[in-house]
Every structure is written in C-alpha cells, then in structure tokens.
Amino acid sequence: MSKELVDALDALEAERGIDRSVVVDALEDALKAAYKKQYNTADNVEATFDDKKGNISIKQVKNVVLDDDLEDDETEISLSDALALNRAYEAGDEIRFDVTPKDFGRMAAQAAKQVIVQKMREASRQAVYNKFAEYENEIITGEVDRQDSRFLYVNLPGNQEAVMAPNDQMPNERYHMGDRIKVLVNKVENNAKGPQIFVSRTAPDLVKRLFEQEVPEVYDGTVEIMSIAREAGDRSKIAVYTHDGDLDPVGAMVGQRGARVQSVVNELAGENMDIVEWVEDEAQYIANALNPSEVTDVIFDSENDRAVTVIVPDNQLSLAIGKKGQNARLAARLTGFKIDIKSESEAAESLAQKPSDDTPVDESEE
C-alpha cells in the first residue's frame with residue numbers, strides 16, 4: 001500500500017495538478033479515523049504518512065502531569081514515569097508513543113479508501129474551479145452539448161461543462177449540438193456539487209472582449225472602451241476614447257472598409273454596432289451617443305443634473321428616437337443621462353407657450 005500511495009501521489013500531482021499535500025492531509029485523517037475505529041481509542045492519536053518513503057506511523061499523545069493529578073492513563077502520563085523515559089520532561093509536556101500495529105497497512109487501505117477518494121475528488125474540483133476562475137469575465141470558445149428547460153449546456157476546454165441561462169442566450173440565435181460558440185465566462189461558483197461555470201452571449205463585456213481580439217489598439221489600451229449599452233442580438237452602442245491626438249478611435253474600431261467591426265457583427269449573428277466617440281464635454285457626448293441622428297442643442301435640467309432635453313431637426317426626430325425608442329434608450333444607458341428628445345418645432349412651441357418674465361401681471365385692486 002505504501003509504495004502504491006507514493007506512486008499515486010506522484011501521478012496525481014503530475015497528471016492532474018493536484019497538490020500532494022492535500023491528499024496527504026486527507027490520508028492522515030483517514031488513517032487516524034481507521035485506527036480509532038479499530039481500537040476504540042481516545043482522540044489523542046496522530047497519524048503520519050511519509051510521502052517520500054511511504055511509511056505510516058500512528059502515535060499516541062499523552063500529557064505529562066504531576067503524579068497526584070493523574071486521572072486518565074489513556075491521555076496522561078505521570079511525571080515520575082515520564083522522567084524514567086527522559087530526565088528533561090516537565091509537567092505540561094507532551095510525549096508521543098509509537099502505537100502503529102504491524103498489520104495496520106492492510107486495515108488502513110480498506111478503511112481510508114473512501115475518504116481518500118472523496119478528498120481527491122474535492123481537490124480535483126478545486127483545481128477545476130481555480131482554473132476557470134482565472135477566465136472569469138474573459139472569452140472562451142466552447143461547443144454546444146444539449147439544452148433543457150433551464151439551461152443551454154456548453155462544453156469548455158478540458159471537457160468542463162458550463163451552463164447558459166435563457167437571459168444569457170441571444171434571442172436571434174438557435175443553438176444546435178456541436179455548434180462552436182464564443183462565450184463570456186461571467187461567474188464561477190464552487191459548491192457542494194463541484195464547480196459550476198456560468199457563461200453568457202448577451203453580456204456587454206462580450207462585445208468588449210471581441211473588440212479586444214479584433215482591434216490591436218483596444219487590446220494594448222491605446223483606444224479605451226468607456227461604455228457599452230447593449231440590446232443583445234439587435235444593437236449595441238459603444239463609446240470609445242483615445243489619448244492619442246493623431247488617432248481616430250472610431251476609425252480604429254471600424255477598421256479598413258469596416259473589416260474589424262464586421263468581424264464582431266458576424267460573431268454576434270448580425271447585431272448592429274454604433275460606435276461613437278467619448279468626450280469630456282457631456283453635451284457633445286450625449287449628442288454623439290444619439291448617432292446617427294443630428295442634434296441641434298442639449299439643454300440640461302436645472303433641477304436634475306442627470307437629465308437633459310435634446311433638440312433635433314424635425315426630420316431627425318424619428319431617427320433620434322429610433323425604432324420602438326431603441327436609439328434614445330441605448331443613448332441614455334450609454335451616457336447615464338435621462339434623455340428627453342424634442343423636435344425643433346416642438347421646442348419652439350413649448351418656448352412660445354412658456355410665460356415670459358416680461359409679461360405684465362394684472363394685479364387686482366384691494
């Protein structure tokens with residue numbers, strides 16, 4: 001058993017990346033439990049496994065007490081008996097006695113097997129968790145396995161299963177077994193059943209990571225993605241910025257003849273991408289966010305610093321609002337402002353109806 005265990009430890013560490021100390025600790029716990037069960041002893045035993053030589057030892061630990069205080073021979077030894085063993089002992093010391101049975105290797109193998117297997121399974125789960133926790137908020141390519149009423153199941157590298165909830169699935173996509181898809185690892189949990197990995201195709205960060213793969217300037221930080229507002233499968237708005245005055249950040253994202261942005265669009269099954277420039281001037285940023293509509297004016301609400309009224313040409317009103325309000329909705333989420341859009345004629349009419357400060361007031365006589 002001893003040599004087999006040493007060989008097993010070597011294999012587990014080399015082939016599966018499981019720390020041998022984890023298995024050794026589990027084995028020692030199992031050996032202690034096996035000995036206590038077999039010999040019905042107190043808790044004062046220690047089990048030691050030498051993971052280099054494969055030797056197993058069981059030691060009984062006894063506290064040295066004054067002769068008159070001796071109460072339990074199983075856990076205590078009198079000072080006079082201790083001094084007979086070694087003149088250096090004092091009351092309060094601990095003495096370890098080797099009580100390893102000659103045939104304990106066979107008993108230990110039987111009694112410890114289940115516990116060791118369990119501990120190795122836990123260690124293996126922890127290794128999987130640690131591996132995929134490093135991928136959290138990153139893109140990984142997987143293969144669609146199956147689908148039920150709760151999840152879409154995706155096989156990740158290493159034959160590790162991940163789950164995709166319905167709200168993480170693209171509404172314009174149909175998944176089939178064997179499809180290879182890029183997903184964002186958005187959460188990794190380690191529970192009693194083992195690691196559970198949650199992935200998404202709808203998370204805004206998926207768009208960011210895809211552009212990092214396609215645009216070197218985003219990957220190296222020359223172009224920064226400042227904000228993303230997304231309605232997955234339909235349309236995303238992305239605000240970008242660069243400190244490099246000689247670089248057009250929007251152009252870098254789009255690429256020559258639209259090649260870079262088209263790669264992202266293709267990966268996301270035709271999802272439209274509106275890329276706008278982020279600027280410090282909030283009024284200009286809001287106007288940029290409403291692209292492709294033109295903006296005449298941006299008026300900030302004096303009572304709410306996160307609300308604005310945007311004035312657009314009459315013929316641009318529908319474009320600014322977008323189909324079912326999508327353009328305005330995404331612009332509001334992108335900028336963090338509540339946006340009320342009015343045409344120039346609506347704004348002029350509202351202004352005409354607003355009482356002027358110069359309008360005379362009819363005061364009744366007392």
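The lining of the second largest pocket comprises six nonpolar, four polar and three charged residues (Ala, Val, Leu, Ile, Met, Phe, Trp, Tyr, Cys and Pro count as nonpolar, Asp, Glu, Lys and Arg as charged, and the others, Gly among them, as polar). The model is predicted, with local features needing pLDDT of at least 70 and side-chain atom pairs counting only at pLDDT 80 or more, while totals for chains, interfaces and linings use all residues. Residues are numbered from 1 along each chain as its sequence is written, and side-chain values use heavy atoms, with hydrogens and water left out.

A pocket is defined on a 1 Å grid over the protein atoms alone, as an open set of points where a 1.4 Å probe fits, with protein on both sides within 12 Å along at least five of seven lines; lining residues have an atom within 4 Å of a point. The second largest pocket holds about 210 Å³ of space, a volume being the space filled by probe spheres set on the grid points, which are joined across faces, edges and corners. Of its 13 lining residues, Tyr-153, Glu-161, Val-163, Pro-195 and Gln-196 lie nearest the centre. Two or more lining residues come from each of strand S7 (160–164) and strand S9 (194–200); strands (E, at least two residues) and helices (H or I, at least four) are DSSP runs, numbered from the N terminus.

Helix H5 (residues 204–214) and helix H8 (residues 259–267) have axes that come within 9 Å and cross at roughly 135°. H5 is therefore oblique to H8. Axes are lines fitted to C-alpha atoms, for helices over the stretch in contact, and angles run from 0 to 180 degrees between N-to-C directions; under 35 degrees counts as roughly parallel, over 145 as roughly antiparallel, 65 to 115 as roughly perpendicular and the rest as oblique. Leu-210, Phe-211 and Glu-214 of H5 meet Arg-260, Val-261, Ser-263, Val-264 and Glu-267 of H8, contact meaning heavy atoms within 4.5 Å. This contact has four nonpolar, one polar and three charged residues. In the loop between helix H7 (249–254) and H8 lies Arg-257, a residue other than glycine with a positive phi, near 55°.

Helix H9 (residues 282–289) packs against helix H11 (residues 326–335) at about 145°, with the axes 9 Å apart. Tyr-285, Ile-286 and Ala-289 of H9 make the contact with Ala-331, Leu-334 and Thr-335 of H11. Five nonpolar, one polar and no charged residues form it. Pro-292 lies in the loop between H9 and strand S13 (297–300), and the peptide bond from Asn-291 to Pro-292 is cis, with omega near 15°.
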